[in-house]
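Dear colleague,

Please find below the structure that I am handing over to you. My notes on what was found in it follow directly after.

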Amino acid sequence: MNLENKVVLITGAGLPNGIGAGIARCFANEKAKVVVTDLDASIVDETATSLPTDALGLVADAASQAAMDEAVDKTIDKFGGLDVLVNNAGVGGPTLSQVNYANDPEEEVALFGMSDAAWDAQLMFNLRTTFSSSSAAAAKMNDGGSIVNIASIAALGPATGLPAYGAAKAGVVHLTKTHAMQLAARRIRVNCICPGLLWTRAWEMLATNMKAQQTEFANMSIRQVFETVVARSTPLGGEQTPEDIGNLAVFYASDWARMITGQVVAVDGGISVK
Ligand SMILES: NC(=O)c1ccc[n+]([C@@H]2O[C@H](COP(=O)([O-])OP(=O)(O)OC[C@H]3O[C@@H](n4cnc5c(N)ncnc54)[C@H](O)[C@@H]3O)[C@@H](O)[C@H]2O)c1
């Protein structure tokens, strides 16, 4: 799946152990030119320069169309075009407080009774990011390009502990199908991946909350909390890696998938069919 000369922009790809950086490594291994964007200025350059390909690091808020317009323009200035957008930015977390969004991850764990601000923040982190970044990228992307949206298994059924996150990710699944139809005339394909359970900063935060709130986890390390959840829920056994997600993103973006659009595939070891 050689993607030589293809230009790929990945949002939220700064953290070295995050899914976005894993996706970036998979595209770099196929010789694509890679643009790493993130809110966190301290990590984008290092992650970009660690890739074995031509790469660029840019600070950009994926939920801001103006910021993403600028990132797309800089991408085209540097590499001459844009072929692939991966909408990976999402979840919540400390870096988001830098842009003054309401941010209280603990509120998200409530079954009901979240504040309006926490609900709005989750929708902004996890749904507007995809809409704003896709709007900016689609306006200038080469015809025949590809958009890959990262949703979650939380989109595929009830997400009782994470209602706003689940609703936002279900919105990403829906947007995938709408954008696939809107962009089909330009042969731009839009597809979605629903990751299962990956040990990234997002799960470190979730496991910390679970340890604090559920007595069965009180004496475990947060890594043990995560491993217990993986063991209970994953038919194939074991957690997923960022590269498991990146490999499907590369396939979606390649000519092997030239007749695939509007599709949603879970990379979750079978969790969603259990
Ligand atoms: N980790 C999992 O188990 C899991 C499961 C299902 C889906 N996902 C999804 O995968 C994606 C990546 O998750 P992760 O686990 O690597 O998360 P993470 O928190 O480890 O990393 C997310 C990265 O995105 C950046 N980011 C967040 N909001 C941003 C914004 N508005 N603009 C630019 N950058 C932004 C953060 O700074 C961080 O570098 C998310 O969309 C998440 O919902 C993760």
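**Confidence of the model**

Within the protein, confidence is lowest in helix α4 (residues 105-108), where the mean is 50, and highest in β5, where it is 99. The confidence score is pLDDT, which the predictor gives to each residue on a scale from 0 to 100. Helices (H or I, at least four residues) and strands (E, at least two) are DSSP runs, numbered from the N terminus.

This is a predicted model, in which local features need pLDDT of at least 70 and side-chain atom pairs count only at pLDDT 80 or more, while totals for chains, interfaces and linings use all residues. Residues are numbered from 1 along each chain as its sequence is written.

The protein has a mean pLDDT of 91, and 92% of its residues reach 70 or more. Over residues 93-103, however, pLDDT stays under 50, and the model has 20 contacts beyond four places in sequence for them; a contact means that the C-beta atoms of two residues, placed from the backbone, lie within 7 Å. Where pLDDT is low, the predicted coordinates should not be read in detail.

**The ligand shell**

There are 31 residues around the ligand, and G12, G18, A62, G90 and T200 come nearest. A residue is near a molecule if its C-beta atom, placed from the backbone, lies within 6 Å of it. By class, the shell has 15 nonpolar, 12 polar and four charged residues. Here Ala, Val, Leu, Ile, Met, Phe, Trp, Tyr, Cys and Pro count as nonpolar, Asp, Glu, Lys and Arg as charged, and the others, Gly among them, as polar. At least two shell residues come from each of α1 (19-29), α5 (116-140) and α7 (201-213), and α7 gives the most, with three.

Helix α9 (residues 242-253) has 12 residues and reaches 16 Å from its first C-alpha to its last, close to the 16 Å expected at 1.5 Å a residue; the expected span is 1.5 Å times one less than the number of residues. Its buried residues are P242, I245, G246, L248, A249, V250, Y252 and A253. A residue is buried if 20 or more other C-beta atoms lie within 10 Å of its own, exposed if 12 or fewer, and partly exposed in between, with C-beta atoms placed from the backbone. The cover over the buried residues of α9 includes α1, β4 (84-87), β5 (146-150), β6 (189-195) and β7 (264-267).

The largest nonpolar core has 84 residues, and V8, I23, A24, F27, V34 and A249 have the most contacts inside it. Such a core is a set of buried Ala, Val, Leu, Ile, Met, Phe, Trp, Tyr and Cys residues joined through C-beta atoms within 7 Å. Leaving aside residues up to four places away in sequence, I23 touches I10, A13, V86, N88, P242, I245, G246 and A249.

**Individual residues**

D268 is found in the segment after β7 and counts as buried because it has 24 C-beta neighbours inside 10 Å. Not counting residues up to four places away in sequence, D268 touches I153, C194, P195, G196 and Q240.

R258, in the loop between α9 and β7, is exposed because 11 other C-beta atoms lie within 10 Å.

N5 is found in the segment before β1 (7-10), and its phi is near 75°, a positive value in a residue other than glycine. R187, in the loop between α6 (163-182) and β6, also has a positive phi, near 60°.

With kind regards
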